[in-house]
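Take a moment to look over the structure shown here before reading on. The paragraphs below start with the whole chain and then turn to some of its parts.

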Amino acid sequence: QLARELVPVDEAFMRKGDEDDEEDSEATLGLEQKAMSTTYTVRIKTGDKKYAGTDANVFMTLYGTKDDTGIINMKASKTHKNKFERGLIDEFIVEAVDIGPLKKLRIGHDNRGSAGWFLDWVEIDAPSMGQRLRFPCGRWLDKGEDDGFINLIKNFTSDVFGAGTDADVFIVLYGRDAVCTQQKSLCVNKRERRMYFERGAEDMFIVELEDVGDVIEKIRIGHDNRGVNPGWHLDRVEIRRLLRKGKGSETAIFPCERWLAKSEDDGETVRELVPSDIITEKLSRDGSLKVTEVEVEDALETHTYNISVMTGDTHGAGTDANVFLTIYGDLGDTGERKLSKSETNSNKFERGSVDKFTIEAVDLGQVFKIKIRHDNSMMSADWFLDQVEVFDADTEEVYLFLCERWLSRKKEDRRIERVFYVKRKKLSFQVRHFRRLLLKKQQTLINVSICQVIPYHITICTGTERDASTTSRAYVIIVGVSHTQTERLWLDLPDETKGFEAGSLKNFVTHGSDVGEIKKVEVIYEVTVETGDIQGAGTDTRIYMSVFGANGSTEEMQLQKNEDRFERGQEDTFNMEIDDIAPLRKMRMRIDGSGSRPDWFLDKLSTEEVSVFTYEDWLSKTRGPKRLMICEMAAVVDEEVMVEITTYIVQVKTSDIAGAGTDANVWIIIFGENGDTGTLALKECNKSNKFERKQVDTFRFTDILSLGDLSKVRVWHDNSGFAPGWHLEHIDVKDEIMDKTFRFPCDRWLSKNDEDGQIMRELPCGNNDYLDLSEKTKYEICVTTGPEAETKENAWVVLEGKKGRSKELVMENSSKKKRFLSGNVDRFEFSSKNLGDLTAICLGHTPKDGKKVKGEAYWHVEEIVVTEKELGNKYVFSCNALVLLSPKRDEFLTFECTKAIESFASKARSLVPVKYEIIVITGDEKGAGTDANVFITIYGSNGDSGRRQLRQKFRNLFEREQTDRFVVEMLDMGDLWRVRMEHDNSGLSPGWLLDRVEVTNTANGVTTIFICGKWLDKNKADGQIFRVLYPKY
């Protein structure tokens, strides 16, 4: 589309992070005092995407409650001479008659010049109404991008008694190869639902849906069974689409003549329909309309699928919740179907029972997976599903899906939705971890905007270490932006291949949901836990594990007891789905001391990666010499210890100002290359009275695994004692093994009554500030030549970064030192101005003597890796291209960065203090407010914030339908992944209905919204007083 209609969002979505409350109120007051005006300030943001800018003429129409402005040409930008360029914000002044408060706008262009345009948002400052509105877009205005087809959909309701419906009717279109649209509701509100779908009526809808190709093989139409009269008798559906290149139109007729009703026919409210006839209308050259009607002969058949669901035979296995099933085949899917009426049992999904259901759907082809879930409703919602069997009655093929897991919010991993793949015979389901995963997304084979399923090209390189091979079946999980992830992508080998041999390279193509930019790959670690063989070694306490690797760490994960685990002399094996953080460095184990046998003797842990973690001692408050409930173990690989034991000497300097000392209890966590120390209490000191004014207190922590270079510390106190307020000058941490001291400056209050009221601070390491990257730096360029074509000539490269562009860097070849041979990796080092994060390179291939080239000659470049030497950041450019030999400098290829690997030093330098504005909105229901103390923990790509209390002086917080604003300073969190909201259940009315949380990084103005809409109340809903919320995008 070249034009779009946009509607404004709520002002809370566009609040700028650097405006405080006083500035907001003054600006609003000033606007309200102004006279009615006819001037509008329009700001238009072009997206920061490749080719996002446009040279076309842009026009706009504003719509208000009284009138519209008519078409306005956006000619002269106040901010940029060359308007509508990538990432820029253009400002225009528009004068028009008063049209009343703005409701929407229409914006488009005339498709001239370099026409394609990606519009991010439009912001309009309307002084006459005291409004500033933002109209989000985030889409292309381009004939060749983003949009699909405009579909004219006609629904014919039958002329039988009670045929009409008030329910919400939806539709999905399917093309070939399982390509499909998103599910689309035909009515936008209740008023429309009451108007349409009446007995004997013909209802027409114009719907914009994704392009599914030239042929619509089937449609799925259904409703949500809501309203006064939800039952619906559908006669037929007609879908009319314009033919490509404007050659006419095509109408497909989908007959139904059946009920979509719980109380009629087979009780289904969803039907899949195939076309019976195609009517084509084309305009002839003489101006006459030629109409042809063709009967569809090769339409897909409707199959009957018999579903057998077996509930496990274990205590509490049955469920009263509503169960939903989706079946997937290579020709499409059934959509989500509710398993309502069991053909075998009146009370379905009971312990040890088999329930049978029948589903009608258009032929799915070869069934390969199912998705099954329940809605966690009713008193006994937990469900232990044993297996599901799908029988295609038409082809007589049987597909078996083994489950043997809980679908429960309380047990195992607390999931109530699972995906299972068809069981394959003669294959083991044990899974190992592989050391190297090379992924390359190829999005050209399937249109991602249609069904968000794309092929992933995966290369598995098995290590050469001892016991690296496996005959097991393997899978990966790919994680992208916004916490999206694929299902398990199975990597199935050909039948003649025995397995993954040591040192082998295997290539796979597998299809999964598009996660956007790949952030990480989750793999399976098989962890074996050995309990000691001494009296009383076994336990029934809760056990938690954290894993730390060279490429990050995991969150704390609970190891489920499951009846007979963690008993004396026993080995228990777990498959853990975690990030790919190998090689492993250390592991942390913790118990909470619950249960009738709280003590545990841990012998050791091991992984299939041949890492061994040995402890051989008690985790207990009452037994053993250490009397600890937490321990850390270094990884041992081939008898080499990966992390050394050290002693940390922590010196804490209290400031020399009035009232600087504290009587409170103080804790600290130290962070470094190998994870963190866990919580350390600053108790035993060289001084009897700790943390007094102008005093240096020294603490020793022995037998701690070294963290390597340090990045930050988190320090806080409990606000106890007569004078808890504390002014901290700095903290010094010395690693005795490294013989290196790290300083963490503070010079701030940790006090509820001073400064910003925070009693927790995160302090970045001051040692990381000595590098001056403002001018020149060095870059190492590693070039891998491919097997197809080597060269004896020179090459040149230009580096492009966010801060600038390098000069042409010549990579010289010579007869003495031959470079660019097939399979070789050649290294070059250049000095250049600091370019910031690299985004692209320009690569050329030129003759050494500069002479003309006879014929065509190429050089096959496989990969280029650029390393910035000062900080160690790496930028990978996957090329796999033939570069033409040419003396002309305008003959080159451009490659964008496919992977950036940030070094620890760079990450440590990026840890700067940032103020975050946190907006908490309480729900609008009776009793929604709370008197309890509320806490927030923010998790991002740079770690977590720690548990922070949200408090303000002299204000009653978190009341019904109230918006509360807080400003909290913490080290830059990077991209925000989730937040944890909780309260301490104190006060007269602790129950709380949290609507949503908005977190704004005031340094860059980015706002992340976390939707909740749930109770935090021990007496309501699921009884939880904490919620983990993920971003809404």
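How many helices and strands does the secondary structure of the chain come to? The chain has four helices and 72 strands, where helices (H or I, at least four residues) and strands (E, at least two) are DSSP runs numbered from the N terminus. This is a predicted model, in which local features need pLDDT of at least 70 and side-chain atom pairs count only at pLDDT 80 or more, while totals for chains, interfaces and linings use all residues. Residues are numbered from 1 along each chain as its sequence is written, and side-chain values use heavy atoms, with hydrogens and water left out.

Of the 1033 residues of the chain, 49% count as buried, a word that here stands for under 20% relative accessible area, whereas exposed stands for over 50% and partly exposed for what lies in between (1.4 Å probe, protein chains only). Among contacts (heavy atoms within 4.5 Å) in the chain between residues at least 6 apart in sequence, 70% join residues at least 24 apart.

The largest nonpolar core, which has 26 residues, is a set of buried Ala, Val, Leu, Ile, Met, Phe, Trp, Tyr and Cys residues joined through side-chain atoms within 4.5 Å. Val 650, Ile 670, Val 733 and Phe 744 are among the residues with the most contacts inside this core. The elements that give two or more residues to the core include strand E44 (645–654), strand E45 (666–672) and strand E50 (726–735). Leaving aside residues up to four places away in sequence, Val 733 touches several residues, including Val 650, Ile 670 and Phe 744.

Strands also meet one another in sheets. Strands of a sheet pair through backbone hydrogen bonds, either parallel or antiparallel. In this model, two strands count as paired if DSSP finds at least two bridges between them. Five strands form an open sheet in the order E67-E63-E69-E70-E72, with antiparallel pairing. Strand E67 (963–971) and strand E72 (1031–1032) stand at the edges, each with a single partner strand, so one side of each has no neighbour in the sheet. Within this sheet, strand E69 (residues 992–1001) and strand E70 (residues 1006–1016) run antiparallel and are joined by nine bridges, and Trp 992 stands opposite Leu 1016 in E70.

Is strand E39 (residues 600–607) largely enclosed or left open by the rest of the structure? Six of its eight residues are buried, so strand E39 is largely enclosed. Six bridges join E39 to strand E40 (residues 611–619), and the two run antiparallel; in E40, Val 612 is the bridge partner of Ser 606.
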